[in-house]
Structures are given as structure tokens and as C-alpha cells.
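Keep the sequence and the model side by side.

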Amino acid sequence: MDTPLYDRDFHLWTQHQIACLQKEQWAELDVDNLIEELADLGRREQKELGSYLKVLIMHLLKLQYQPERRSKSWEVTIANCRDSIQDCLEDSPSLQRFLKDTEWVAKYYRRARRDAAKETELPTDTFPAVCPYTMPQILDPQFWPGA
């Protein structure tokens, strides 16, 4: 049995799918894998947003609970995460709904809290069980906890 192009050479498969779409060769499209790939794209964007949010919150916690260790590196990381979140939202405004979803935000806060504890070597319960920052504060370039 011949292995499908999708499994042999993903990049070539994408180029073939693009060509089929451009030429309106609907019968040549690999519909099942196209559906799967489009769904994965959406999930990747959501995970990317969550990753930036986690790192941002982790650094805000570190600033608040270890202000004596504040560094330019932390400040740059915070600024870069805020910029990256803004870029995600500009590219895909529908992602904004995740930042309003308290359960979704709580999931990334728990991860940020865990990682902040590891990096600061402070007990996890040093940090609030619930995110102490509002989303407007988190995204505000002028907000610096403990400042």
C-alpha cells in the first residue's frame, strides 16, 4: 500500500493542497487532513496565547514576591509577553474570549504560580491561590506589582 503524501512529506502535502485550492481542484483535496490541520491551527494559537500569559503572570508574581531580585531581564520578559499577547489578539481577535474565560485563565495562573514557586524557591502557598491581578492589569504596560 502506498503511503499518503500527508504522511511522507508534510510540506509537499501543504503545497499540493494550496495548488488544488488555487486551481479549484476540489476533488484533489485531502479534506480529512485539511480539517484536522485547520483545527490544530486554532488550538496552537490558543496554546500560544496561554503560554505567553503564563510566563507573564509568573514574572509579575516574581516581581511582587521577590522585588529585591527585580532585573532588566524580568522587565524585558514582561514587556515581550505583553507585546506577544497583543500580537496574538491583533492577528486573531476571537482569542480575546479566552482572556475573559475565568477557568481558562485560572489554568494558566496555576501553572504560573507553580513555576514562580520553583524559580523563586518560595513555597507555593506564598502565592495567592487565585490570580491577584485583573486582566487589564496583566496586560497594562504601566502595571508593575509592588512598584
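Rings of Phe, Tyr and Trp, the last by its six-membered ring, count as a pair if their centres lie within 6.5 Å. On that basis, a search of the whole structure finds seven aromatic pairs. The model is a predicted one.

Begin with Tyr-6 and Phe-10. Their ring centres are 5.8 Å apart, and the planes stand at 75°. Planes over 60 degrees apart count as edge-to-face, and the pair of Tyr-6 and Phe-10 is edge-to-face. Tyr-6 also pairs with Trp-13. Here the centres are 4.8 Å apart and the planes are at 80°, so this pair is edge-to-face. Together, Tyr-6, Phe-10 and Trp-13 make up one aromatic cluster.

Trp-13 is buried, at 4%. Tyr-6 has 16% and therefore counts as buried. Phe-10 is partly exposed, with a relative accessible area of 39%.

Leaving aside residues up to four places away in sequence, Leu-5 touches Phe-10, Leu-12, Trp-13 and His-16. Ile-35 is 30 residues from Leu-5 in sequence, and the two C-alpha atoms are 16 Å apart.

Now turn to helix α3, residues 31–65. One partner is helix α4, residues 72–91. The two axes come within 9 Å and cross at roughly 150°. Angles over 145 degrees count as roughly antiparallel, and α3 and α4 are therefore roughly antiparallel to each other. The crossing is left-handed. On the α3 side, the contact is made by Glu-48, Leu-49, Tyr-52, Leu-53, Val-55, Leu-56, His-59, Leu-60, Lys-62 and Leu-63. On the α4 side, it is made by Trp-74, Thr-77, Ile-78, Cys-81, Arg-82, Ser-84, Ile-85 and Cys-88. By class, the contact of α3 with α4 has 12 nonpolar, three polar and three charged residues.

Helix α3 also packs with helix α6, residues 102–120. The axes of α3 and α6 are 8 Å apart, at an angle of about 45°. The two helices are therefore oblique to each other. Their crossing is right-handed. From α3, the contact residues include Gln-46, Leu-49, Gly-50, Leu-53, Ile-57 and Leu-61. From α6, they include Trp-104, Val-105, Tyr-108, Tyr-109, Ala-112 and Ala-116. The contact of α3 with α6 divides into 11 nonpolar, four polar and seven charged residues.

Leu-49 of α3 takes part in the contact with α4, and Leu-49 is also listed in the contact with α6.

Most residues other than glycine have a negative phi. Glu-24 is in the loop between α2 (10–22) and α3. At 54% relative accessibility, this residue counts as exposed.

Glu-121 has a positive phi as well, of about 60°, although it is not a glycine. Glu-121 lies in the loop between α6 and α7 (135–139). With a relative accessible area of 72%, Glu-121 is exposed.

Notes. Residues numbered from 1 in each chain as written. Predicted model: local features only at pLDDT ≥ 70, side-chain atom pairs only at ≥ 80, totals over all residues. Heavy atoms only, no water. Axes fitted to C-alpha atoms, helices over the stretch in contact; angles between N-to-C directions. Helix = DSSP H or I, 4+ residues; strand = E, 2+ residues; numbered from the N terminus. Parallel < 35°, antiparallel > 145°, perpendicular 65-115°, else oblique. Left-handed = near helix turned anticlockwise from the far one by under 90°. Contact = heavy atoms within 4.5 Å. Nonpolar A, V, L, I, M, F, W, Y, C, P; charged D, E, K, R; others polar. Phe/Tyr/Trp six-rings, centres within 6.5 Å; stacked < 30°, edge-to-face > 60°. Buried < 20%, exposed > 50% of the residue type's maximum accessible area, 1.4 Å probe, protein only.
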